[in-house]
Amino acid sequence: AQEVPGSQVGLTQFICGALLMSRLTAKTLGSLVFSLNLVLTGALLSAAPPAVTSLFPRGAAAGSTAEITITGKSAADWKAWSSRPGLAVEIPAASSTVKITVSPDAEPGIAFLRFFDGEGTSSPVPFVIGRLPEVTEVEPNASIDKAQVIEQSSVINGKLAESADVDHYSIAVKQGQTLVAVASANWKLGSPVDMVLQLLTEQGVVLEQVDDDRENDPLITYA
């Protein structure tokens, strides 16, 4: 079992007692005030724990290694802690990316990662361990004629570049097969987004549309 790094208070608390002002000269008082200001300023500057707000991609398949981009504030010699076994995080120095290796026998589900150093720890960020191959969205794909082709059952890691952003993906479905499409964002990952899923023909005819299924995350099952 690995110890969870606790949050640390980076700002030293100073308690100033009563001073016998009659015993202090003006010169001594000026020196005292300057010294306190200097120490407080130094403490404020050093109190900078990692502040990781998001990861991209948000997950990786068991038995794979993924390069993950971090959004937030990194630290010089930070480390990572995972709420679940089977994850190894490699953090290069002075980099906004980390490498996460998922063990082949890691159980699928959500792991929460914290990044920490001597000053404190970040808030937990979710990282999804999956079984399917993972692909990353390729722009432009805002129209049917530019739909990104998906060759097999996959997890697609995408970003919404702007409000009302539309992304298209194309996958061949044979007769007798069932297509299951689910958007995991708000309910599972805490992203502030309300997504809509549509299943279209090559001509753009809407076969199915789902707005909300689990919280704000839609799911389509089509046979």
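## Ser-82, a buried serine

Ser-82 is buried, because its relative accessible area is 14%, and buried means under 20%. This holds for a predicted model. Ser-82 belongs to strand β4, which covers residues 79–82.

What does the side chain of Ser-82 reach? It comes to 2.8 Å from the backbone oxygen of Arg-84. Beyond four places in sequence, Ser-82 has contacts with Leu-87, Ala-111, Phe-112 and Leu-113.

## Around Gly-86

Gly-86 sits in the loop between β4 and β5. Is Gly-86 buried, exposed or partly exposed? Gly-86 counts as partly exposed, because its relative accessibility is 27%. That value falls between the limits of 20% for buried and 50% for exposed.

Which residues does Gly-86 touch, once those up to four places away in sequence are set aside? They are Thr-101, Val-102, Ser-103 and Ala-106. Ala-111 is 25 residues from Gly-86 in sequence. In space, their C-alpha atoms are 9.7 Å apart.

## The whole chain

The protein has 223 residues, and 26% of them are buried. It contains 2 helices and 17 strands. Take the contacts between residues at least 6 apart in sequence: 53% of them join residues at least 24 apart.

How confident is the prediction? The average pLDDT is 81, and 78% of the residues score at least 70. Residues 1–45 stay under 50. The model has 26 contacts beyond four places in sequence for that stretch. Where pLDDT is low, the predicted coordinates should not be read in detail.

## An open sheet

Four strands form an open sheet in the order β1-β3-β6-β5. Their pairing is antiparallel. Which strands stand at the edges? They are β1 (51–56) and β5 (87–90). Each has a single partner strand, so one side of each is left without a neighbour in the sheet. On average, neighbouring strands of this sheet are turned by 35° against each other, direction ignored.

Look next at β3 and β6. Strand β3 spans residues 65–73, and strand β6 spans residues 97–102. They pair in the antiparallel sense over 5 bridges. Thr-69 has Thr-97 in β6 as its bridge partner.

## Two nonpolar cores

In soluble globular proteins, nonpolar side chains tend to be buried together. Here the largest nonpolar core has 18 residues. Those with the most contacts inside it are Leu-55, Leu-87, Ile-100, Val-102, Leu-113, Phe-115 and Phe-127. Which elements give two or more residues to this core? They are β1, β3, β6, β7 (109–117) and β9 (125–130).

Leu-87 shows how these parts meet. Residues up to four places away in sequence are not counted here. Leu-87 touches Ser-82, Ile-100, Thr-101, Val-102, Ala-111, Leu-113, Phe-127 and Ile-129. A second, separate core has 6 residues, including Ala-183, Leu-197, Leu-199 and Ile-220.

Two residues of the second core, Leu-197 and Leu-199, lie on strand β15 (residues 197–200). Side chains alternate along this strand. Leu-197 and Leu-199 point to one face and are buried.

Strand β16 covers residues 206–210 and runs antiparallel to β15, joined to it by 4 bridges. What stands opposite Leu-199 in β16? It is Glu-208. The hairpin has 5 residues between the strands, and Gly-204 takes a positive phi near 90°.

Where are the cis peptide bonds described here? One runs from Phe-56 to Pro-57, with omega near -5°. Pro-57 lies in the loop between β1 and β2 (59–61). Another joins Glu-139 and Pro-140, with omega about 0°. Pro-140 is in the loop between β10 (134–136) and β11 (148–149).

Ala-164 has a positive phi, near 65°, although it is a residue other than glycine. Ala-164 lies in the loop between β12 (155–157) and β13 (169–170). Is Ala-164 buried or exposed? Ala-164 counts as exposed, because its relative accessibility is 72%, and exposed means over 50%.

Key:
Residues are numbered from 1 along each chain as its sequence is written. This is a predicted model: local features need pLDDT of at least 70, side-chain atom pairs count only at pLDDT 80 or more; totals for chains, interfaces and linings use all residues. Side-chain values use heavy atoms; hydrogens and water are left out. Buried means under 20% relative accessible area, exposed over 50%, partly exposed in between (1.4 Å probe, protein chains only). A polar contact is a pair of N or O atoms within 3.5 Å; within protein, one must be able to donate a hydrogen and the other to accept it, and residues adjacent in sequence count only if both atoms are side-chain atoms. Contact means heavy atoms within 4.5 Å. Two strands pair if DSSP finds at least two bridges between them. Axes are lines fitted to C-alpha atoms, for helices over the stretch in contact, and angles run from 0 to 180 degrees between N-to-C directions. pLDDT is the predictor's confidence in each residue, from 0 to 100. A nonpolar core is a set of buried Ala, Val, Leu, Ile, Met, Phe, Trp, Tyr and Cys residues joined through side-chain atoms within 4.5 Å.
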